[in-house]
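Keep the sequence and the coordinates side by side as you read.

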Amino acid sequence: MATFACMSHSIFDFISFVSWRKVQLAVSALALLAASNYSSAQDTPLLSGGVGFLTSTNAGNTTYYPIVEPLIAAPLGQHLLVESRADFLEILSPKGGGQSGYDHSHFIGLTYLQGDFITSRHFTFVVGDYQIPFNTYNDRLSPIWISNFQDGPLIANLDYSSSGSGLGGMVRGNAIARNKYSIDYNYYFSARSSNAQFGASRGSGGRASIYFPAQRLEAGYSYDRLLQGTHENFAGVHVWWEPKDEALRLRSEYGRGQHAQGYWVEADFRMTAFGGLNSAIGRIEPLFRMQQTFRIDNVASDGLSPVNTQRADFGLDYNLPHNTRILTSYARQFSASGNRNVWETGIVYRFLFPAWKGK
């Protein structure tokens with residue numbers, strides 16, 4: 001799962017916005033499934049997600065984004081899990097043309113709605129509307145309570161699905177587990193759907209990752225292929241490193257499509273020498289992200305900028321108690337279409353509680 005309206009690459013660039021009826025249908029289905037198994041299930045459904053109030057100042061104009069991202073995970077017995085995440089977003093943006101006041105708009109969207117059948121640690125079968133596992137940002141870092149920056153990377157849209165979701169089936173799990181390394185995988189197939197509620201493109205792909213626990217190092221490769229219209233291929237590589245005994249995280253991705261390519265590298269650090277992570281100083285989290293995109297040709301069908309772009313993001317987050325974070329950042333973007341500064345602030349709260357009292 002920001003800078004939703006005034007920036008072209010936000011965490012909502014790849015969220016499929018749908019109608020209120022779709023959200024009602026999903027919530028009703030989840031509630032019915034959870035209630036039907038209330039007496040027999042050993043686990044209680046969990047309600048989680050994030051609530052945030054974000055701002056973005058671009059060219060002197062400030063836009064406000066109140067947002068709620070609820071998530072439900074409802075286990076139905078020992079092997080079946082139903083999970084879904086939705087987005088409720090309000091946008092208050094300045095009126096143009098020298099007018100005073102603000103325009104108001106809102107979006108309601110379902111990020112995904114899927115059922116997971118867990119047979120073992122090696123195989124989990126997923127059906128429904130799921131997030132495409134291309135590189136790592138889409139399915140790992142996009143929720144507002146996880147991402148360090150409000151904005152998604154410039155290459156967040158670099159796969160065949162502009163919404164970042166597929167409709168069909170996926171298999172995932174741990175292929176090999178050893179003391180020195182482990183290998184995980186995802187493979188999916190998405191059907192084509194023109195349904196207004198569950199639109200999707202026909203395609204397939206997957207991701208394989210290897211993790212070295214002693215070094216706390218992960219590297220992976222992703223591949224997608226569009227199987228409708230003009231067939232196109234997309235490939236990506238990611239590297240994550242969290243040095244042992246250090247509150248430092250380094251994350252990076254490279255992606256290449258038929259018409260453009262790009263990368264991002266992000267670092268965040270928390271100081272533990274002054275009382276640990278929960279001290280006043282240890283809660284401070286400096287951030288930096290460098291990213292670039294490059295056009296291969298002038299066919300702009302991939303959601304990336306039509307010109308070569310480079311951008312540097314500098315952030316300073318503060319991790320308050322009770323799962324609350326203050327986000328601040330400054331970005332300088334350079335491209336042939338013009339240079340610009342972007343200032344962003346926000347506060348995000350992560351919530352988690354059971355749907356009802358249970359075991």
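Contact here means heavy atoms within 4.5 Å. The model is predicted, and local features are taken from residues with pLDDT of at least 70.

Start with the strands. Strand S4 covers residues 80–94 and strand S5 covers residues 102–118. The two pair in the antiparallel sense, over 15 bridges. The link from S5 to S6 is a hairpin of 5 residues.

Now turn to two loops. Most residues other than glycine have a negative phi. Arg216 has a positive one, near 50°. This arginine sits in the loop between strand S9 (203–212) and strand S10 (217–226). Is Arg216 buried, partly exposed or exposed? Its relative accessible area is 31%, so Arg216 is partly exposed. Asn323 also carries a positive phi, of about 60°, without being a glycine. Its loop runs between strand S15 (309–320) and strand S16 (324–335). Exposed means over 50% relative accessible area. Asn323 counts as exposed because its relative accessibility is 55%.

Next, go inside. In soluble globular proteins, nonpolar side chains tend to be buried together. The largest nonpolar core in this model has 18 residues, and Tyr160 and Tyr188 have the most contacts inside it. S6, helix H2 (137–141), strand S11 (232–241) and strand S13 (260–269) each supply at least two residues of this core. Another core, of 11 residues, lies apart from it, with Tyr65, Leu71, Leu89 and Leu327 among its members.

Trp264 is the next stop, in strand S13. Buried means under 20% relative accessible area. Trp264 is buried because its relative accessible area is 1%. Which residues does Trp264 touch, not counting residues up to four places away in sequence? They are Leu141, Pro153, Ile155, Arg251, Ser252, Glu253, Arg289, Met290 and Gln291. Arg311 is 47 residues from Trp264 in sequence, yet the C-alpha to C-alpha distance is 9.4 Å.

By class, the lining of the largest cavity has 7 nonpolar, 4 polar and 2 charged residues. Ile155 and Glu253 were met above as contacts of Trp264.

The second largest cavity holds about 60 Å³ of space. Tyr137, Leu141, Ile146, Ser147 and Asn148 are among the residues that line it. Phe149, Asp151, Arg251, Glu266 and Arg289 belong to the lining too. What is its make-up by class? The lining of the second largest cavity has 4 nonpolar, 2 polar and 4 charged residues.

How values were computed
Residues numbered from 1 in each chain as written. Predicted model: local features only at pLDDT ≥ 70, side-chain atom pairs only at ≥ 80, totals over all residues. Heavy atoms only, no water. Pairing = 2+ DSSP bridges. Helix = DSSP H or I, 4+ residues; strand = E, 2+ residues; numbered from the N terminus. Buried < 20%, exposed > 50% of the residue type's maximum accessible area, 1.4 Å probe, protein only. Core = buried A, V, L, I, M, F, W, Y, C linked by side-chain atoms within 4.5 Å. Nonpolar A, V, L, I, M, F, W, Y, C, P; charged D, E, K, R; others polar. 1 Å grid on protein atoms, 1.4 Å probe; cavity = no way out; pocket = protein on both sides within 12 Å on 5 of 7 lines; lining within 4 Å. Points joined across faces, edges and corners; volume = space filled by probe spheres on them.
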